[in-house]
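Here are my notes for someone opening this one for the first time. Have the view ready and follow along point by point.

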Amino acid sequence: MEIDLTINADGWPDEERLHPLAARAFAAARREADLRYLPGSELSLVFSDDAAVQVLNRDYRGKDKPTNVLSFPGGDEDGPVFGPLLGDIVLARETVAREAEEAAGGFEDHLLHLIVHGILHLFGYDHQVDQEAEIMEGLETRILASLGIADPYRLDPSA
């Protein structure tokens, strides 16, 4: 499994810090969600900013505003095995940083959560309807717990 990183905005940690985080997130997602993909597959992460993500969100989702993470699957998500290009995950620095300030675990935990969230989208998971959201959020919670990160969907983080 190859993870390619592109940092095209200021304010992100350097690649030496981001790559191990992405690798941890992918390994935990693969293990806990039993993700299957072709040997030698590639995952792309783009560490961008709100302005660039807003353009992508507008052009591909019809929502003219920034969002924290966007996922662009690279292949046929309905096929039995994914790969060799799993897809692209694009993150918006300002939104991620703002949300991290509000989250219990801080920037790194929130970033790991969003990378896991993006990975699950690449593998066909979604949260547009309640039943799908329950499945995806349950997987995210389990994956994050395996990384020592508290449930981001718990309404009261002190509970």
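1. Let's start with the rings. The count comes to 4 aromatic pairs, where rings of Phe, Tyr and Trp (its six-membered ring) pair if their centres lie within 6.5 Å, with planes under 30 degrees apart called stacked, over 60 edge-to-face and the rest tilted. Take Phe 26 and Tyr 37: their ring centres sit 5.4 Å apart and the planes make an angle of 65°, so this pair is edge-to-face. It links distant parts of the chain, with Phe 26 in helix α1 (residues 15-33) and Tyr 37 in the loop between α1 and β2 (42-48), 11 residues apart. Phe 26 counts as buried at 4% relative accessibility; buried means under 20% relative accessible area, exposed over 50%, and partly exposed in between (1.4 Å probe, protein chains only).

2. Next come Tyr 60 and Phe 72, with ring centres 5.2 Å apart and planes at 70°, so they too are edge-to-face. This pair also bridges distant parts of the chain: Tyr 60 belongs to helix α2 (residues 50-61) and Phe 72 to strand β3 (residues 69-73), 12 residues apart. Is Tyr 60 buried or exposed? At 59% relative accessibility, Tyr 60 counts as exposed. Elsewhere, ring pairs join Trp 12, Phe 47 and Phe 107 into a cluster.

3. A word on where this comes from. This is a predicted model, in which local features need pLDDT of at least 70 and side-chain atom pairs count only at pLDDT 80 or more, while totals for chains, interfaces and linings use all residues. Residues are numbered from 1 along each chain as its sequence is written, and side-chain values use heavy atoms, with hydrogens and water left out.

4. Now the overall layout. The chain has 5 helices and 4 strands, and along the sequence they run β-α-β-α-β-β-α-α-α. Helices (H or I, at least four residues) and strands (E, at least two) are DSSP runs, numbered from the N terminus. The radius of gyration is 15 Å, close to the 15 Å that the globule rule gives for 159 residues, so the chain is as compact as a globular protein of that length. That radius is taken over C-alpha atoms, and the rule is 2.2 Å times the number of residues to the power 0.38. Along its principal axes, the C-alpha trace spans about 40 × 35 × 35 Å.

5. How much of the chain is tucked away? Buried residues make up 38% of the 159 residues. Of the contacts with a separation of 6 or more, 65% come from residues 24 or more positions apart, a contact being heavy atoms within 4.5 Å.

6. Most residues other than glycine have a negative phi. Asp 34 has a positive phi of about 50° although it is not a glycine. Asp 34 is partly exposed, with a relative accessible area of 46%.

7. Helix α3 (residues 93-102) holds Thr 95, which is buried at 3% relative accessible area. Which residues does Thr 95 contact, leaving aside neighbours within four places in sequence? They are Asp 50, Pro 66, Thr 67 and Asn 68. Glu 99 is found in helix α3 as well, but is partly exposed at 23%. Not counting residues up to four places away in sequence, Glu 99 touches Asn 68, His 110 and Leu 114. The C-alpha atoms of Glu 99 and His 110 are separated by 7.7 Å.

8. Last stop: His 113 in helix α4 (residues 107-122), buried with a relative accessible area of 9%. Beyond residues up to four places away in sequence, His 113 touches Glu 140, Leu 144, Pro 152 and Tyr 153. His 113 and Leu 144 are 31 residues apart in sequence and 6.7 Å apart in space, C-alpha to C-alpha.
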